[in-house]
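Here are some notes for a first look at this model. Please keep the sequence and the 3D view open while reading.

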Amino acid sequence: EKPVHRFFSQDKPTCIAASPDGRYMVAGNADGKLYGWEISSGEMIFSVGEAHFQTVVCVKFAVDQSLLISGSADGSVRVWSW
């Protein structure tokens, strides 16, 4: 089978999460950046260049999708309004 969409960022992702409703996908990378896409269109909807100082090791949506949480190798955890 072929994929519905292919998603690209400038760097290899270190972690990926999909929103609970399956509409969005977020990825973090080794440079501390976060990227987000709308899954149905494949369109990148945001990028945060300095989300963390080191590798993003985890991203997770809150169950109600109001928040996105990201954690990094630098020891920081950030909570973003979604």
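1. Start with the largest nonpolar core of this predicted model. Ten residues form this core: Cys 15, Ala 17, Tyr 24, Val 26, Leu 34, Ala 51, Val 56, Val 59, Phe 61 and Leu 68. Two or more residues each come from β1 (13–18), β2 (24–29) and β5. The most come from β5, which gives three.

2. Look next at Val 56, one of the core residues. Beyond its neighbours within four places in sequence, Val 56 contacts Thr 14, Cys 15, Gly 28, Asn 29, Gly 32, Lys 33, Leu 34, Ser 70, Gly 71 and Ser 72. Among these contacts, Cys 15 and Leu 34 are also listed in the core.

3. Then find His 52, in the loop between β4 (44–48) and β5. Its relative accessibility is 3%, so His 52 counts as buried. Which side chains make polar contacts with the side chain of His 52? One is that of Ser 70, at 2.7 Å. Another is that of Ser 76, at 2.8 Å. Leaving aside neighbours within four places in sequence, His 52 touches Asp 31, Gly 32, Ser 70, Gly 71, Ser 72, Asp 74, Ser 76 and Arg 78.

4. Finish with Gln 65, in the loop between β5 (56–61) and β6 (67–72). Is Gln 65 buried or exposed? Its relative accessible area is 15%; the cut-off for buried is under 20%, so Gln 65 is buried. Not counting residues up to four places away in sequence, Gln 65 touches Ser 19, Pro 20, Asp 21 and Trp 82.

Conventions
Residues numbered from 1 in each chain as written. Predicted model: local features only at pLDDT ≥ 70, side-chain atom pairs only at ≥ 80, totals over all residues. Heavy atoms only, no water. Helix = DSSP H or I, 4+ residues; strand = E, 2+ residues; numbered from the N terminus. Buried < 20%, exposed > 50% of the residue type's maximum accessible area, 1.4 Å probe, protein only. Contact = heavy atoms within 4.5 Å. Polar contact = N/O pair within 3.5 Å; in protein donor to acceptor, adjacent residues only side chain to side chain. Core = buried A, V, L, I, M, F, W, Y, C linked by side-chain atoms within 4.5 Å.
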